[in-house]
Amino acid sequence: MTEAAEISETLIADNRDAGDWPMRPWLLAGGLALVGLAIHLLTVDGGDDVPWRMALLAFLLLGGLAAAFTTRKNWLVEPAIFAGVVGLVMGGLTWRATRYSEALPDEQYGLAAGLLATLIAIPMFQAGFHRRRMATDYADTHYHVWTNAISGAGALAFTGLSWLVLLLLGGLFELIEIRLLRELMDEEWFGWMFSGAAFGAGLGVLRNQSKVLGTLQSVVLLVFSILAVPVAIALVLFLLAVLISGPEVLWRATDSATPFLLTFAAGSFVLVNAVVRNNDEEASQSQLLRIAGAALAAVILPLSILAAASMGTRIAQHGLSPERIWALVAIALACFYGVAYLASLVLGRKTGWRDRIRSSNMVTAIATCAVALLLALPILDFSAISARDQLSRLESGDVAVKDFDFDALRWDFGEPGRKALLVLAKSDKAEIAKLAKEAEAQEIRSSRYNRRAPGEFERNKANLRLVVEDSEVRAKFERYLRQNPWLCNAPCILIEVADGRDDLRHFKLVSTNRVNPLMIDETGQFDNEQRRNWNEGTIEVEDGSSVEVRPYSGRRIYVDGKPVGAPFD
């Protein structure tokens, strides 16, 4: 036997976490408890807004979890290096997302792409891909994908159970007036450390039981493969119905067809692999399940194409945005998987389509990991691409000025969107320049459900009466009303009230259809006060109405002699 073959066989034997390692639960419990303590120390006193703290937190948390899943007895150095790389990548992405959060409207998608790359890389590393490349054993990779998911879910369940036991013990000792456990549970540092220790202990115990994990994997795959039959029937019927009715029925029924279609495409991928298993010996011999698996493999591409058509319709109507470009990336990956699976069915109809599915899984997994890592890194700027597309649509007349979403450039496109607003604010077209300047001046975003229409502020400002003498407050409220002009879409009156609860200045905006509690917050800006009920009452307010505050063993608002809302003193 050659040296390479000996190394290959050794890796296959070792890669299944075979054998008990008594120290593993203790090491993982202690290590993740320290990670939990670090999370507390890094986030205390508002530390979750400090970039270097969040980067270190991501390094410790994700690097620690990568080490927990990959470390094995007598195999420590390579997992430590791998965990360090994972921590550095995710720490860098987290630092960027925190440091430039205002300039990056899609930082959460970059982090999600990094996490996806990590989730794919872990089982491939466990299977020895860093040594064996394309010769990596598929069965090993498939085994680790499922056992990682099962052991992680089991460790989470154990953590929840541990908290339940601790809660019951705390209640038990309180019966004899010993409140130590209850007091500890109220401490944030203890909660983080206990959760880390419980998760680590549960994970360590499960990963020591390779035979149990193998059995659980078989059970989970069996359940999933049974689900494959009804899901395959439903999706085939769905596609036939769409074929008969035309895809337009999807756009008429919902504006969110794309997430549904992609979800079922991803679900079909999971169920196909539950049917296919590691090899034909492990796969079910049921002809019905095999037909269902083939049907699910075949529907991934049509579902992905429908998702692409749905997103294309949205882009044609509203143009590109960072979110839509990320959706296009997800659709492209789904189509990639759909083509690979359909090709496996066609090419393997005689030689065995299941083996081709397994082979394609390795290629698609490597490609997905590489693409996810590429997109997570600050190479492609989806915000700038989207902003250029939106400007082009406006300049070409594809979208009317009254329908153009200037607010989106201010809030949804990051720094490139705000730069685009500066360009529009200098436009020689008066209406475009005016609306761009209004959007640029926004300090608080209008509710997406109450979007500002052109001229709405000017019309509604005429409905406003300010029963407030402070000129600075009057100016601040007018700026707030510019962001939320719908507040005065009927005659309204602003009144200052003193409820004595804190040092903030409190106001009420009384109109024909609502009484809105407002306040000037610590930053000196108007905002809605969430501690009160939004709709406290209604009253008819007309021009010239008298507004007063009367004592009645307390204070409340009266309009034309009628009490309005709840007492505030």
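1. Start with the helix pair H12 and H13. Helix H12 covers residues 257-276 and helix H13 covers residues 287-318. In this predicted model, the two pack at an angle of about 160 degrees, and their axes lie 8 Å apart. Angles over 145 degrees count as roughly antiparallel, so H12 and H13 are roughly antiparallel to each other.

2. H12 passes H13 in a left-handed crossing. The contact of H12 with H13 has 18 nonpolar residues, 5 polar ones and 1 charged residue.

3. Next, look at helix H5 (residues 107-126) and helix H15 (residues 353-376). Their packing angle is about 145 degrees, with the axes 8 Å apart. The crossing of H5 and H15 is left-handed.

4. Which residues of H5 and H15 make the contact? H5 supplies Gly-110, Ala-113, Gly-114, Leu-116, Ala-117, Ile-120, Ala-121 and Met-124. H15 supplies Met-362, Ala-365, Ile-366, Thr-368, Cys-369, Ala-372, Leu-373 and Ala-376. By class, the contact of H5 with H15 has 13 nonpolar and 3 polar residues, with no charged residues.

5. Now turn to the strands. E1 spans residues 464-467, and E2 spans residues 492-497. E1 and E2 pair in the parallel sense, over 4 bridges. One point to check in the view is Leu-466, whose bridge partner in E2 is Leu-494.

6. Is strand E2 mostly covered or mostly uncovered? E2 is mostly covered, with 5 of its 6 residues buried. As background, side chains in a regular strand alternate between the two faces of the sheet.

Note on methods
Residues numbered from 1 in each chain as written. Predicted model: local features only at pLDDT ≥ 70, side-chain atom pairs only at ≥ 80, totals over all residues. Heavy atoms only, no water. Axes fitted to C-alpha atoms, helices over the stretch in contact; angles between N-to-C directions. Parallel < 35°, antiparallel > 145°, perpendicular 65-115°, else oblique. Left-handed = near helix turned anticlockwise from the far one by under 90°. Nonpolar A, V, L, I, M, F, W, Y, C, P; charged D, E, K, R; others polar. Contact = heavy atoms within 4.5 Å. Buried < 20%, exposed > 50% of the residue type's maximum accessible area, 1.4 Å probe, protein only. Pairing = 2+ DSSP bridges.
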